[in-house]
Amino acid sequence: MTRPRTEAAELAEALAARGIEAIVEPLLDIRYRDVPAPDLAGVQAILCTSANGVRALARLTGERAMPLFAVGAASAARARDEGFTPVESADGTLAELVGLVQRRLDPAAGRLLHVAGSVVAGDLGGELRARGFAVDRAVLYEACPAAAFTTAAMQALAEGSVDFALFFSPRTAAIFARLAERAQIAAALAPVTALSLSAAVDAALGSLCFGRRHIAEQPDQGGLLTALDRLLAERRPI
């Protein structure tokens with residue numbers, strides 16, 4: 001599992017329920033910034049494109065009643081767990097979040113605040129500004145890339161004991177590809193099935209020669225687990 005450690009813990013539980021032992025190999029280390037709480041004056045809604053953004057915001061402010069729009073189910077669930085309400089989920093991609101905001105909100109009703117990390121995928125602010133919205137971005141955390149694979153992960157790959165590698169973002173997939181090339185472990189990936197959240201995530205793996213590469217039909221953790229269940233069913237004897 002290549003997710004940051006906090007998200008990996010929940011995923012590990014879901015995998016354990018399926019009888020799957022998980023190696024937690026976070027390729028991004030989440031570091032929250034010690035900054036003042038964002039100024040919410042004149043803001044009509046908060047936009048969150050990751051669960052880490054929700055956590056970072058919850059650390060800094062007690063505001064919970066402002067409408068929050070999340071890119072997917074995981075970030076929406078995290079927002080509800082943190083006490084935010086109302087919360088709406090776009091259930092997928094940045095483009096779907098743009099569409100949801102455009103349907104639900106009026107550009108004349110106030111600014112939007114995009115809570116984000118120091119590195120973002122896509123241009124949410126630009127897309128919404130093109131539709132007449134005023135958008136500010138609050139950078140509340142850093143996602144720092146791993147410098148190398150851990151010894152445990154290297155050993156598991158070398159022994160051929162890894163069946164699946166799960167990828168949730170283009171950035172983590174790209175980091176994995178870079179570290180794999182540096183560690184010269186291409187041959188060790190032959191028995192591994194790569195399972196990616198989306199086509200963009202899969203593309204970031206480049207030309208790595210996994211035994212198989214699959215893409216979840218729905219771009220969230222539930223969709224990825226559904227895809228994993230199908231692959232596991234294929235392995236079971238009839």
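Modeller: Happy to; we'll go through the sheets, the helices on them, the cores and a few side chains. Keep in mind that this is a predicted model.

Biologist: Good. In what order do the six strands of the open sheet come?

Modeller: The order is β1-β6-β5-β2-β3-β4, and the pairing is mixed. At the edges you find β1 (28-32) and β4 (87-89), each of which pairs on one side only. Neighbouring strands in this sheet are turned by 25° against each other on average, with direction ignored.

Biologist: And how many bridges join β2 to β3?

Modeller: Three, between β2 (residues 43-48) and β3 (residues 68-70), and the two strands run parallel. If you want a pair to click on, Leu-47 has Phe-69 in β3 as its bridge partner.

Biologist: Which strands does helix α2 touch?

Modeller: Helix α2 (residues 51-60) packs on the sheet and touches β1, β2, β5 (111-117) and β6 (135-145). Its direction makes about 110° with that of β6.

Biologist: Which strands does α4 lie across?

Modeller: Helix α4 (residues 94-104) lies across β2, β3, β4 and β5. Against β3 it runs at about 150°.

Biologist: Let me zoom in on β5. Is His-114 buried or exposed?

Modeller: His-114, which has its place in strand β5, counts as buried because its relative accessibility is 6%, and the cut-off for buried is under 20%.

Biologist: What does His-114 touch, sequence neighbours aside?

Modeller: Not counting residues up to four places away in sequence, His-114 touches Leu-47, Thr-49, Val-120, Leu-124, Val-135, Asp-136, Arg-137 and Ala-138.

Biologist: Nice. Now the three-stranded sheet: what's the order there?

Modeller: That open sheet reads β7-β8-β9, with parallel pairing. Its edge strands are β7 (164-167) and β9 (212-215), each pairing on one side only. The twist averages 20° from one strand to the next.

Biologist: How many bridges are there between β7 and β8?

Modeller: Four, with β7 and β8 (residues 193-196) paired in the parallel sense. Leu-166 stands opposite Leu-195 in β8.

Biologist: Which residues cover the two sides of β8?

Modeller: Thr-193 and Leu-195 are on one side, Ala-194 and Ser-196 on the other, and all are buried. Both faces of that strand are covered.

Biologist: On to the nonpolar core. Which residues touch the most other members of the largest one?

Modeller: Leu-166, Phe-167, Phe-176 and Phe-210 do, in a core of 62 residues. Apart from it lies another core, of 15 residues, with Ala-90, Val-101, Leu-112 and Leu-124 among them.

Biologist: What is Phe-210 in contact with?

Modeller: Leaving aside neighbours within four places in sequence, Phe-210 contacts Ala-165, Phe-167, Phe-176, Leu-189, Ala-190, Val-192, Ala-194 and Leu-205.

Biologist: Lots of Phe in there. How many aromatic pairs does a search of the whole structure find?

Modeller: Four. One of them is Phe-167 with Phe-176, which is edge-to-face at 5.0 Å centre to centre, with 75° between the planes. Phe-149, Phe-167, Phe-176 and Phe-210 form one aromatic cluster.

Biologist: Why do Phe-167 and Phe-176 count as buried?

Modeller: Buried means under 20% relative accessible area. Phe-167 qualifies because its value is 0%, and Phe-176 because its value is 7%.

Biologist: Which rings do Arg-3 and Arg-64 sit over?

Modeller: Arg-3 lies over the face of Phe-168, 3.9 Å from the ring centre. The charged end of Arg-64 sits over the ring of Phe-84, at 4.5 Å from its centre.

Biologist: Last one: where is Glu-7, and what does it touch?

Modeller: Glu-7 is in helix α1 (residues 5-16). Its relative accessible area is 8%, so Glu-7 is buried. Not counting residues up to four places away in sequence, Glu-7 touches Ala-51, Asn-52 and Arg-55.

Biologist: And how far apart are Glu-7 and Ala-74 in space?

Modeller: They are 9.2 Å apart, C-alpha to C-alpha, and 67 residues apart in sequence.

Notes:
Residues numbered from 1 in each chain as written. Predicted model: local features only at pLDDT ≥ 70, side-chain atom pairs only at ≥ 80, totals over all residues. Heavy atoms only, no water. Core = buried A, V, L, I, M, F, W, Y, C linked by side-chain atoms within 4.5 Å. Buried < 20%, exposed > 50% of the residue type's maximum accessible area, 1.4 Å probe, protein only. Contact = heavy atoms within 4.5 Å. Pairing = 2+ DSSP bridges. Axes fitted to C-alpha atoms, helices over the stretch in contact; angles between N-to-C directions. Phe/Tyr/Trp six-rings, centres within 6.5 Å; stacked < 30°, edge-to-face > 60°. Lys NZ or Arg CZ within 6 Å of the ring centre and 35° of its normal.
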